[in-house]
Amino acid sequence: MHGRAERRVVETWFRRRGLPMMVRRAKRGTPLVSRATPGLVFLIVFLPLVTLTGEVLEDIDVDAVSTSASLGVVALALAMVVVPALAAWGAAWGLRRRTEKTRLIIAISALVVWLVLFPAVRKVTGLGTNLTTSIGGAVIATLFVLLFVLVGAGSILGWALRVAMRHVVGIGSMASRALPLLLLFLLFGFCSAETWQISEKLEVNGHRTNLWLVIGLFALMGSLFLIAILRDEGRDMMAKHRAAGAMDYEVVLRATPLRGLVPEVRNFRLTRREKANLAVVVYLAQALQAVVFSFVVFWFLVVFGLIAIDDSVIESWLSHPPSAGGKLFTILLPGVSDELIRVSMFFAGFSGVYFAASIATDATYRKSFFEPFMADVAVSLAARDAYLTLWEGDEPTSGYPEGGPLAAEGDLEWQKTQ
């Protein structure tokens, strides 16, 4: 019989892979308030920084802004996200080293600060005009945080951030496979007067609502591509998993904390909650790659436009000179015109759709990125069966069929990706 410490290690492994629903708890919501404390800390730090950033941006003159001032605004905008995230991480790290009673006291204190003290301070400083409204907003935000904690959103977001960082590190390999063919289309379209004219029409009265609607349409198309592809791939993977044999589990579990702990693993049916968790993780992994790729394309086009396209050329295309400085998410970019930002955003959105479609059409991409990831998901499924066999003892949906196919050549890619 294996102890609580070993089980905790395995459950932490599942959470780090963005699969909190794989963890079985007798009472899932028991430490809910304590687990919500990092989220409340994030909000307590985040909202003052948002207010400060907004006030700074209101006082800036776009035409007179210097490069150093613009860099300061960019640093403030980054701090608006990074500092609250670090504060939340620090709170989570500190809570792990406290007793359950201490964690509960800290959680209640954070609730009092967020629900009572924070609205009162906003009222006194004039940032909040109505105390009742501020408290009501804080209560609604708290309910959302508790809901996110209940469904394990923290584990999924933490995993997503780690995946995004890995994608940034490997962006050179990713771009070298997806960018060359797309680059031909981008350069021809980018140097077309019609494209600049269309992008200008997407901004109405200084607002980019129509441009964001177009980018949203691109995102929807890319999501539909991903859902269709992942649904078919998921069915094939689940069919192989249900037919897994003892040898298959032995090979796959070598890459998990469960190696050598379970002499005979049984195959269990996934619950709806587990299926939803798995679907979100698989979708996010591919969607994050598309987002990172779009980000790279955007900045590539901005730099290319600054180097290759003179303001006089833009003026001949649009019948007016380009703006002196553009904004990206309210952040001023001196020397980069609004026109260039709009066109780059348009093509970056299109590039995301292209990248999502390449999952099904590009064999090189599938071999380099998609297939290793799906093999890694299969490792998680095998570890879940071993986890349930060892600690839960639920009735399995089926035993081992003779000669399970997962040990076939090609499916042993599981261990190669670890």
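Ile140, Phe144, Leu147, Phe148, Leu150 and Val151 make up a nonpolar patch on the surface, and together they have about 540 Å² of accessible area. Keep in mind that this is a predicted model. Let's work through it.

**Exercise 1. Which residues gather in a patch of positive charge on the surface, and where is Arg97 found?**

Step 1: Pick out the patch members, which are Arg16, Arg96, Arg97 and Arg98.
Step 2: You'll find Arg97 in the loop between α4 (67–96) and α5 (100–125).

**Exercise 2. How does the reach of helix α10 compare with what is expected at 1.5 Å a residue, and which residues of α10 are buried?**

Step 1: Start with the length: α10 runs over residues 209–242 and has 34 residues.
Step 2: Go from the first C-alpha to the last, and α10 reaches 47 Å.
Step 3: Now look for buried positions in α10. Among them are Leu211, Ile215, Phe218, Leu226, Ile229 and Leu230. The buried set also includes Gly222, Ser223, Gly234 and His241.

**Exercise 3. How many salt bridges are there, and which parts does the pair of Asp376 and Arg17 tie together?**

Step 1: The count comes to eight salt bridges.
Step 2: In one of them, the side chains of Asp376 and Arg17 meet at 3.0 Å, N to O.
Step 3: Asp376 is in helix α15 (residues 363–391), while Arg17 is in the loop between α1 (4–16) and α2 (32–35), so the pair ties together parts that are 359 residues apart in sequence.
Step 4: Check the surroundings of each partner. Asp376 is partly exposed at 23% relative accessibility, whereas Arg17, at 15%, counts as buried.

**Exercise 4. Follow Arg384: which side chains does Arg384 meet in salt bridges, and are the partners buried or exposed?**

Step 1: Arg384 and Glu274 form a salt bridge at 3.0 Å, N to O. Arg384 is in helix α15 and Glu274 in helix α12, so this pair ties together parts 110 residues apart in sequence.
Step 2: Asp385 also forms a salt bridge with Arg384, with the closest N and O atoms 3.0 Å apart.
Step 3: Both Arg384 and Glu274 are buried, and Asp385 is buried too.
Step 4: Elsewhere, salt bridges that share partners join Glu203, Arg208, Asp338 and Arg342 into one network.

**Exercise 5. Look at Arg273 and Leu306 in helix α12: what C-alpha distances separate Arg273 from Met22 and Leu306 from Ser337?**

Step 1: Arg273 is in helix α12, residues 272–308, and is partly exposed with a relative accessible area of 47%.
Step 2: Arg273 and Met22 are 251 residues apart in sequence, with 8.6 Å between their C-alpha atoms.
Step 3: For Leu306 and Ser337, the C-alpha atoms are separated by 9.1 Å, and the two residues are 31 apart along the chain.

Note on methods:
Residues are numbered from 1 along each chain as its sequence is written. This is a predicted model: local features need pLDDT of at least 70, side-chain atom pairs count only at pLDDT 80 or more; totals for chains, interfaces and linings use all residues. Side-chain values use heavy atoms; hydrogens and water are left out. Patches are made of residues with over 30% relative accessible area and no salt bridge: like charges are joined within 9 Å, nonpolar side chains (Val, Leu, Ile, Met, Phe, Trp, Tyr) within 5 Å. Accessible areas come from the Shrake-Rupley method with a 1.4 Å probe; for residues, only the protein chains shown count as cover. A salt bridge is a side-chain nitrogen of Lys or Arg within 4 Å of a carboxyl oxygen of Asp or Glu. Lys and Arg count as positive and Asp and Glu as negative; His and the chain ends are not counted. The place of a charge is taken as NZ of Lys, CZ of Arg, CG of Asp or CD of Glu. Helices (H or I, at least four residues) and strands (E, at least two) are DSSP runs, numbered from the N terminus. The expected span of a helix is 1.5 Å times one less than its number of residues. Buried means under 20% relative accessible area, exposed over 50%, partly exposed in between (1.4 Å probe, protein chains only).
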